[in-house]
Amino acid sequence: MSPMARTAPVPAATDPAIIRNFCIIAHIDHGKSTLADRMLQLTGAVEQRDMKAQYLDRMDIERERGITIKSQAVRLPWEVDGTAYALNMIDTPGHVDFTYEVSRSLAACEGAILLVDAAQGIEAQTLANLYLAMENNLTIIPVLNKIDLPAAQPEKYAAELASLIGGEPEDVLMVSGKTGVGVEALMDKIVRDLPAPTGDPNAPARAMIFDSVYDTYRGVVTYVRVVDGHLSPRERIQMMSTRATHELLEIGVSSPEPKPSKGLGVGEVGYLITGVKDVRQSKVGDTVTTLAKPATESLGGYQDPKPMVFSGLYPLDGTDYPVLRDALAKFTLNDAALVYEPETSAALGFGFRVGFLGLLHLEITRERLEREYNLDLISTAPNVEYEVTLEDKHVLKVTNPSEYPVGKIAEVREPMVSATILAPSEFVGAIMELCQQRRGVLGGMDYLSEDRVEIRYRLPLAEIVFDFFDLLKSKTRGYGSLDWKADGDQVSDLVKVDILLQGDQVDAFSAITHRDKAYAYGVMMTGKLRELIPRQQFEVPIQAAIGARIIARESIRAIRKDVLAKCYGGDITRKRKLLEKQKEGKKRMKMVGRVEVPQEAFIAALSSDESKDKAKK
Amino acid sequence: MPSALPLGLPAPEDGVLPPSAAEGASDRAFCLYVHIPFCAVRCGYCDFNTYTATELGGGASQDAYAGSVLAELALGAQALEASGVPSRPLSTVFFGGGTPTLLPAEDLAAILRAARDQWSLAPDAEVTTEANPDSVTPESLRVLRDAGFTRISFGMQSAVPHVLAVLDRTHSPERVPQAVQWAREAGLKVSLDLIYGTPGESLEDWRTSLTTALSYGPDHISAYALIIEDGTKLASRIRRGQVPPIDDDDHADKYALADELLTAGGLQWYEVSNWARTPADACQHNLAYWRGSDWWGAGPGAHSHVGGTRWWNVKHPRPYADALAAGRSPAAGREVLSDEDRYVEDVMLRVRLREGLATDTLTTSGRRAVAGLIADGLVEPAAAFAGRVVLTFRGRLLADAVVRRLLPD
């Protein structure tokens, strides 16, 4: 048996019987990209000399953080018992923020490799994606990776996987993406165990979009899985959600570099290029059909991406505002989930309120903006979207505390999530304490194995967007993992806490909190600001207030001495240069009323203590 | 290590100044500063350019030092002439250090004589030397008086032994009244330098130092907040937690006490850190710095200023001596101030003085800032209406902030 197929099946003319579509479900760090690298090499899809680590992760930030943000599909040739097969590996994003994209990737497959680190066991997000795959009736191939690690416990985690998906621990494959051990056997198993795709070749074409990527040179590249019919070059295609039509300029497969083909048939996975410039015109989850012979029913499952977390992004240097504006415009070309609108803050100047899928999406976007556009940004504390009903029945959506209405509020609803936490059982107490503090309601608890539990909570989203994950990690010595999904909303007793410096409200520090936590927030923020704001020529009271009621108070004592004792002949040049430096420093101050607040104070006040500690290291 | 020199333009070997330096020179006073870079021991707080005898040798020794200074004075007179700066009699001469009185009084006298030969002394010229109370005798003081010295400034620092110990000062407090008395007998005016805010110094310690200093009846007292300079022994002791750090509020309290006791003792402030019995007792030499006069600074590391050109000599006594032995200017670098720089310096220096800063020299934005400074109690309203920006007591403590508000952003 030769591992490498001698003649790879030709796209557009491939019998569905020799196609296998699969994805890899894995947690960050569990070695998905490395395993994918081995598959690329083993099948000869990538020449040895072109190989680089994490080949499929295209962005630097993906390689650095070891996560996949955008998924991709690769067609791999593989021969079993003299038959050449076409394997389509659909890479999936590995983070909770991108659950919807994961679900579309799963919907494009018949099977999934459940890849778990043999030294760590399954994590919450992997479990969530596994359940998703099982709901979609995917065939699961359980695999333990990194069996070469000294800390690997293959027997223990094989039993865990077997109990999760049914079957025997011996059925769990043992591989090492690093050394390549077991990868050939895995390829064979994919061919043997996964069902071939089925579909009607004569029906009107239907293909599902599972990813869409903006490329500077080619415009939007859309990744699809054909379910029925056939797509051909130069044909006019139609997006079923919008009825928009485009000419198919190019169609082909990734192997992994793009290779144009004569089309794509039933069960095939490939890419389309239509010349559109914005991923919003080619939405993940949408169904592609042809204008000449349009399908009547879409494949279903399409959702508009819904931003869950909102944060104000402000350039540190106000003159960078146009750069930020252009950068965000470019980013949305490739990120259908990113929404933004201009916003003005009295304290921070001109910026944007940006909506994200979650915290990681926020962090990555901010980091890329800073890196790729050389920007220094302040991001305000993340917020969720509240629905405020006024006594006159008027309903407002509030994503920014400064827009929170003053006056007669009948009801405030906040978004809820159902969260799943996996951790060693010894941490159950600490986790429950944390979730209770965060207004969580226990949904249930199950033992995955003797010493690992799955805990389910319903929590307000607002309680988990700031520092919840960091705290969970520190309370479980790094072993805890979290997954969450939106779960409706609920009426809550929420208030807006304002922070006043010398009587002037600083909008950037306002927060919407539960009434029971308003005092704690006020004490925390006024205390932080007292440390962060340098003494001024006058005393500066710092107050936290709900409406007109002061709930916490601190004060920065006036500076009493700001004079150099000696200024003689030899000191003058030095003193003048010091003065110039102080004037430069003043430019980095934001004036709040008469109070000079250093930019650093905004950054430090708006970041969690946890991330400040990280920055110190 | 003594503090670093500024970065600037290179200075030419002949010391000749740009033409702008000569403009309006005849309307400006001309002064001389002579730096004596020697100390018996190095104090833990000091970042001045000074060396102990054991750190030096060869042509840079104390014995040969006066010769190098004489060479610089000759070169200076030539360079000024070549630059078109008219020769003016010296209004003031100031010997600073280091410890000038570590040199034999005859050496100091010889340097003063050479300066007089080059430029002549104005009839009422003030000639000061700094001194350590330990390093003077009735005889040496008489030699100085006879050579033309009019004033002596003793580094008393504190009257409290444990404070002196933290500062590494070797003199015993009892030496000060004796030295003051000898100086008086020799006919010299006396100034005392005090330092406050030394780690471990209580407010009562400081009160003791002030009342003790006043009891000696000096004509002038300088009181400086201790500045912890990078690279000093005291800075590293604070960093290691061996002595407590400096507290600005403590400094403010002690400044208030100084101003109160010195005023009650018959001295009046004329600059942020200086008090004098009568206006005539104010240090004319230091006033020249603050008023933007011209001065030649001789000696290693000394700074000079003539008509908007500032320059500074090489720091170490050896290359200093070598340059002069080879007939070259010892200047290490210079800067030619722009009009804007000169304005900034003028505001920064004059605002420290009781005579203040003329409001009509301020830019429009500076004049606009004055109202706010009056409202904040930092500037005297009556003086401002009379056309001068004069700091209030609170303003003196926040003088740097006042300067920043007077200058354009």
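Domain bounds, as used here, come from an automatic or database domain assignment. The structure is a predicted model.

**Exercise 1. Describe how domain 1 and domain 2 of chain B are placed and how they meet.**

Solution. Begin with the bounds: domain 1 of chain B covers 19-290, and domain 2 covers 338-409. Next, take the centres over C-alpha atoms; those of the two domains are separated by 28 Å. The contact draws on eight residues of domain 1 and nine residues of domain 2. On the domain 1 side, the elements giving two or more residues are α8 (248-264) and β9 (268-271) of chain B. Finally, sort that side of domain 1 by class: six residues are nonpolar, two are charged and none is polar.

**Exercise 2. Determine which elements of chain B supply at least two residues of the side that touches chain A, and give the classes of residue on that side.**

Solution. The contact between the chains involves 35 residues of chain B and 21 residues of chain A. On the chain B side, the strands that supply at least two residues each are β8 (220-225), β11 (294-298) and β12 (303-306). The helices that do so are α8, α9 (284-290), α11 (339-350), α14 (393-397) and α15 (399-406). By class, this side of chain B holds 17 nonpolar, twelve charged and six polar residues.

**Exercise 3. Locate the largest nonpolar core and examine the surroundings of A:I25.**

Solution. The largest nonpolar core has 163 residues, and A:I25, A:A112 and A:L114 have the most contacts inside it. Strand β21 (residues 409-424) of chain A contributes the largest share of this core, seven residues. Leaving aside residues up to four places away in sequence, A:I25 touches A:A112 and A:L114, and its other contacts include A:T92, A:L130 and A:A133. Another core, of 110 residues, lies apart from the largest one; B:W206, B:I221, B:A276 and B:V389 are among its members.

**Exercise 4. Characterise strand β1 (30-36) of chain B and the residue B:V16 in the segment before it.**

Solution. First, consider burial: seven of the seven residues of β1(B) are buried. B:F30, B:L32, B:V34 and B:I36 point one way, while B:C31, B:Y33 and B:H35 point the other way. Second, consider pairing: β1(B) and strand β4 (residues 90-97) of chain B are parallel and share seven bridges, with B:H35 partnered by B:G96. β1(B) also runs parallel to β11(B), to which five bridges join it; here B:V34 stands opposite B:A298.

Third, turn to B:V16. A residue is buried with 20 or more other C-beta atoms within 10 Å and exposed with 12 or fewer. B:V16 has 17 such atoms and is therefore partly exposed. Beyond four places in sequence, B:V16 touches B:A79, B:A82 and B:S83. B:V16 and B:T263 are 247 residues apart in sequence, and their C-alpha atoms are 45 Å apart in space.

**Exercise 5. State the confidence of chain A and identify a stretch where pLDDT stays under 50.**

Solution. Chain A averages a pLDDT of 88, and 93% of the residues score at least 70. Over residues 610-617 of chain A, pLDDT stays under 50, and the model has four contacts beyond four places in sequence for this stretch.

How values were computed: Residues numbered from 1 in each chain as written. Chains lettered and ligands numbered in written order. Predicted model: local features only at pLDDT ≥ 70, side-chain atom pairs only at ≥ 80, totals over all residues. Contact = placed C-beta atoms within 7 Å. Helix = DSSP H or I, 4+ residues; strand = E, 2+ residues; numbered from the N terminus. Nonpolar A, V, L, I, M, F, W, Y, C, P; charged D, E, K, R; others polar. pLDDT = per-residue confidence, 0-100. Core = buried A, V, L, I, M, F, W, Y, C linked by C-beta atoms within 7 Å. Pairing = 2+ DSSP bridges.
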